Amino acid sequence: MNAHADQQPPMTISAAHPEGQAARAFVTSLTHADPDTRSRAADRVRGWRAVLAGITTGRLTVGSRTPVSGLPVWVTPEVLRGGFATGAARAGGPLQPYEADAARRAGVPEDRAALFAHFLTEDGLADLWALLDSGRYAVTVPEEAALLTVAWLVRAGEHDAALELAGEIRPFADRLRFAPRPAPAPAPAPGAVHRRTVAQATAALSRRGPSAQVESQREALAVWRPFADDLLRHWLETATPEGRTAGHVLAFRPDRGWHARGRELLDRYARLAERHTLTRRHRDPKSNEGILRLALEETVAGRPLDPRRLGLLRHAAASMVRKRGLPESERHTALRHDQARQAARPAHRDLAALVAGRLSALPQDTGTADIAPLVAPVTEAEQHTTGLPAGAAVPPTVRRVVQTTLSAPIGTLVARGIVPSAEAMAELVPQLVAEETATGYRDPALRTLMAAHYRAFRARRSLLLLNLERQVRPEELPWVRAVADQQRDAADRGARRSSLGAVREVAEAAVAGFPGTLLPNPLVRELGVLGRRSGIRDAPLVEELAADIFMGTFSGKFLAAAGVAAELLGGGSLYERYYDIDYSVVRFLADRSGTEREAPEFALLCAERAGEPAGHGRGWSVAGNGMVIEQAQILTTHNLATLVHRFGIAPAPGWAELARRCFTTVCRLAHRAAGTPHPLATIKDAAYAWRQMLFHLSLCDERDRAEVLAWLPEESARHRAPVATLLAPALEGLRLVCDGGSLGPDGTAAGGRARRLTGWSVSGHWLLRPSDRSRQRGR
C-alpha cells in the first residue's frame, strides 16, 4: 500500500511547468546580449510550444516510457529540461548533409526511404561493411547504428535476424536516419576518457574574441598611465625644487610656455579619448587624473582655480607622487617599464589562435594524450610566421580549454581538476562503460559498433516517468537485441573482474574527488551497468528522487540498499546513533521483502521518521516529500554503503581525509546560504555533505575519528562569519552523540543548543534567518 495514498492527490502533470519554461526562454530570446544564447533560447521556445501542443492534443503522454503517440519505445525522443518530450524524434528532422552525400554517391533520390533501400542492396551492404572494418564512423544517436548492425548480421550469416531487424525498423525508414555517419578517424582507444575532442577545443579557441577586461587593462597601461604621468610632470613644473619631491604644486605662477604646453596636452587628450574608448577611468572627475586634467583646463582658459579645486589638485598630485614616486625616479621608472612590458604582451585571442593552429594538426575526433606541446610558449619558428614574440606564455584561460582534451584515466582527470564536478564526471563515464560493455562481443567490428552505440545511447536524455516506470535500457533496442547472442558467456571470470575493477575505479574517483556531493543519477546508472556485469549480487544502487513528483512510495531496491547499509553500519556505529536508526528493524524488513517491485513498509518507515509531514491535515507539499526522500537517503546512505560493502571501494585519501573534505564543503555551503536570498537548496546540499561526512567518520578508526572531531570547530572558525555561529548547534549535536548522548525525537537536545542537521523542513529550517523561515512557511 502507498504510504501516502490517503493523503496525496493523484499525481498529474499540468501545463504550468512547460508554460513557465516557454515564457523564460522567450524573454531570454529577446533580451540576452549574446546572439548565440538568444538563438538557443528561441529553439527552446519552439520546443516548449511543441510540448504544450502535444499535451493539449493528447499526442504526448507525459510520464510514460512511450510519451509520443505512434513512436515505439526504442525511438530516441527529443527531450527538454525536466524530462518533457517535444513529440519529435532526435533521429528525425531534415536530411543531414552526410545523408544527402550518400544518396548522391549511390545515385538514388535524396530522401531517407530511398537511402534505406539502397543500403539493403549488394552495393549498399558493401559500403556498410567497409565502414565496419575501418571503424571510421560516428554514432550520434542510437538509430545510426541500426543499418550497420543489419550489415554485420548479413556478413555473419545471420540472415533471419537481419531480415527481422530490417523489417522492424523499415516502417520508420522515411522519418528516421538509420544510415551511419562517416568520420575521419576511428573511435578513441579504450581506457582513457576526455571532456572535449580536439575539434571542439579548436572551435572554442577559434571563436575567442578579444577580452574586454584584458584589452581595457592594456589600453590603460599603454595609453592612459603615460598620459597621466605627463599631466603630473606638467603640474610639477609649477612646484619649487623642495616641494617637487612631495608633489606640492602651484608654488609659483606658471609662465606662458607652460600654458602653451598645457594646451598641447589637452589637445592630445582629446585625440586619445576619441581613439581609445575601452577605459573610462580617465573621464572620472574624482580620479587623480581627472582632477589634474580639469584643473589644467581651468588654468589654460585663464580662469583662476577656486580654493576647493586647488586643494583637490594639490592632494591628487601629492597622492600620485607618494604612491609611485616622481616620474623621473627609479621606483616610478621601474614600475612603468614593467607595465609597458605587460601592455606589449600579445593579446589572448592571438595566442588562442596560435594554439588552435597547433591543435588543427592533430586527429580531430578524439582527445590527446599529451597537452604539454600544445600549451608551450611561442617558439622562434612561430614568431616568424605569426609575429608573436618568442617565449610568450599561453594564458591560463587558453590552457584550460586545451586541458579539457586530455585523454587519460578518469581518476587522473579528476585529480588534476579537469573534471570540475560529479555531474561533469557523469558525462565522461559512458566512454568507459561503453568499452567495458562491448568487450563481451566476440567479433572486433561488432565490439566497436556496440561501444559507439552505447556512447550514443547514454546521450539520450531521461524522460519524466511516473508510477515507478524505469528508463529505456540499451538491450531493449531492436539492433542490440538482434546481436545479443553474440556475446561471450556472462559468467566469464575475466569479464567480471574487469567490470568490478571499472566499478571501483569510477566510484573511488567520484567519492574521493567529490566527497561532499551526492552521486548524480547518470553516474549511478553507469555504476549499475558495471555492477550487473561484475556478477556481484545484491548490490542495489538508487537514484535521487525528485520531490515535486514523488508519489509516496519506493521501489524495492531502496529497501535492499538500506539492508546493505544495515549490514555495514548496524550494531552501534556513529552514523546509526546520530540519525537514531534501528538498523536491526531495517535488516528484518529487507530480509522479509525479497525482490518485491515496491517497498510500502520502507515508505511507511521513511514517512514516520520524517514525522509524517504529508499527514495530520497539513496537506501534500514538496517540502514534505523532500523530508521523506531524505530519510530514504539517510537509511540507504545513498549508495555509499553498497559501494563500500559490496564493491569494496577504498578511496586513496582515506576516510578521515574524506570526512574533512566533506566538512569543508559544509562550511562553504553554510556561508553561501547565509548570503543568498534563496538559501533552501544550498542548505539541502550542506546537509547532504554533512551526512556523507558522518558516513566517512563511521568508517574511521577511533584515533582518526577523534582527530577529525577535534578539528571540526577549528575549521568552522577558519571560515568567514557567520559559518561558526550557524554550524555551532550541528557541531554540538555531533559532539553530544559522540560522547554517548542522543538527540531527541525532534532532532534537538540541550534546549535547542544541539541539533541534528538535515536538509528539508516544512516549518522553516533552523539554519535560516527568522525572516527566511517566515517566507519558507508562507510557501
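Reader: Is Phe-116 buried or exposed, and at what relative accessibility?

Author: The general idea is a scale of relative accessible area, on which buried means under 20%, exposed over 50% and partly exposed in between (1.4 Å probe, protein chains only). Phe-116 has a relative accessibility of 4% and therefore counts as buried, and Phe-178 is buried as well, with a relative accessible area of 2%. The model is predicted, and local features need pLDDT of at least 70, side-chain atom pairs count only at pLDDT 80 or more, and totals for chains, interfaces and linings use all residues. Residues are numbered from 1 along each chain as its sequence is written, and side-chain values use heavy atoms, with hydrogens and water left out.

Reader: How many aromatic pairs does the structure hold, and how is the pair of Phe-116 and Phe-178 oriented?

Author: A pair of aromatic rings is described by the distance of the centres and the angle of the planes. Rings of Phe, Tyr and Trp (its six-membered ring) pair if their centres lie within 6.5 Å, and planes under 30 degrees apart are stacked, over 60 edge-to-face and the rest tilted. There are 19 aromatic pairs in this structure. In the case of Phe-116 and Phe-178, the ring centres are 6.0 Å apart and the planes meet at 65°, so the pair is edge-to-face. This pair joins distant parts of the chain, with Phe-116 in helix 4 (residues 112-119) and Phe-178, 62 residues apart from it, in the loop between helix 7 (159-169) and strand 4 (181-182). Helices (H or I, at least four residues) and strands (E, at least two) are DSSP runs, numbered from the N terminus.

Reader: Which residues form one aromatic cluster, and which charged end sits over the ring of Trp-711?

Author: Tyr-575, Tyr-578, Tyr-579, Trp-655, Phe-663, Trp-690, Phe-695 and Trp-711 together form one aromatic cluster. A charge sits over a ring if NZ of Lys or CZ of Arg is within 6 Å of the ring centre and within 35 degrees of the ring normal. Over Trp-711 it is the charged end of Arg-660, placed 5.0 Å from the ring centre.

Reader: Which residues touch the most other members of the largest nonpolar core?

Author: A nonpolar core is a set of buried Ala, Val, Leu, Ile, Met, Phe, Trp, Tyr and Cys residues joined through side-chain atoms within 4.5 Å. The largest one here has 182 residues, and those that touch the most other members are Phe-178, Met-425, Trp-479, Phe-602, Phe-663, Trp-690 and Met-693. With residues up to four places away in sequence left out, Trp-690 touches Tyr-578, Tyr-579, Phe-663, Val-666, Ala-730, Leu-731, Leu-734 and Leu-757. Another core, of 26 residues, lies apart from the largest one and includes Ala-228, Ala-273, Leu-292 and Leu-326.

Reader: Where is Leu-326 found, and with which residues is Leu-326 in contact?

Author: Leu-326 is found in the loop between helix 13 (307-324) and helix 14 (330-344), and at 17% relative accessibility it counts as buried. Contact means heavy atoms within 4.5 Å. Beyond its neighbours within four places in sequence, Leu-326 is in contact with Leu-236, Arg-244, Thr-245, Val-321 and His-332.

Reader: What span does helix 24 reach from its first C-alpha to its last, and how many of its residues are buried?

Author: The expected span of a helix is 1.5 Å times one less than its number of residues. Helix 24 (residues 556-569), with 14 residues, reaches 20 Å, close to the 20 Å expected. Ten of its 14 residues are buried, and the helix is mostly covered; among these buried residues are Phe-558, Leu-559, Val-564 and Leu-569. Just after helix 24, Gly-571 takes a positive phi of about 95°.

Reader: How many disulfides does the structure hold, and why is Cys-667 too far for a bond?

Author: A disulfide is a pair of cysteine sulfur atoms within 2.5 Å, and the structure holds zero of them. The closest cysteine sulfur to that of Cys-667 is in Cys-662, 11 Å away, and is therefore too far for a bond. Cys-700 is likewise in no disulfide, with the sulfur of Cys-662 as its nearest, 10 Å away. Cys-667 is buried at a relative accessible area of 0%, and Cys-700 is buried at 7%.
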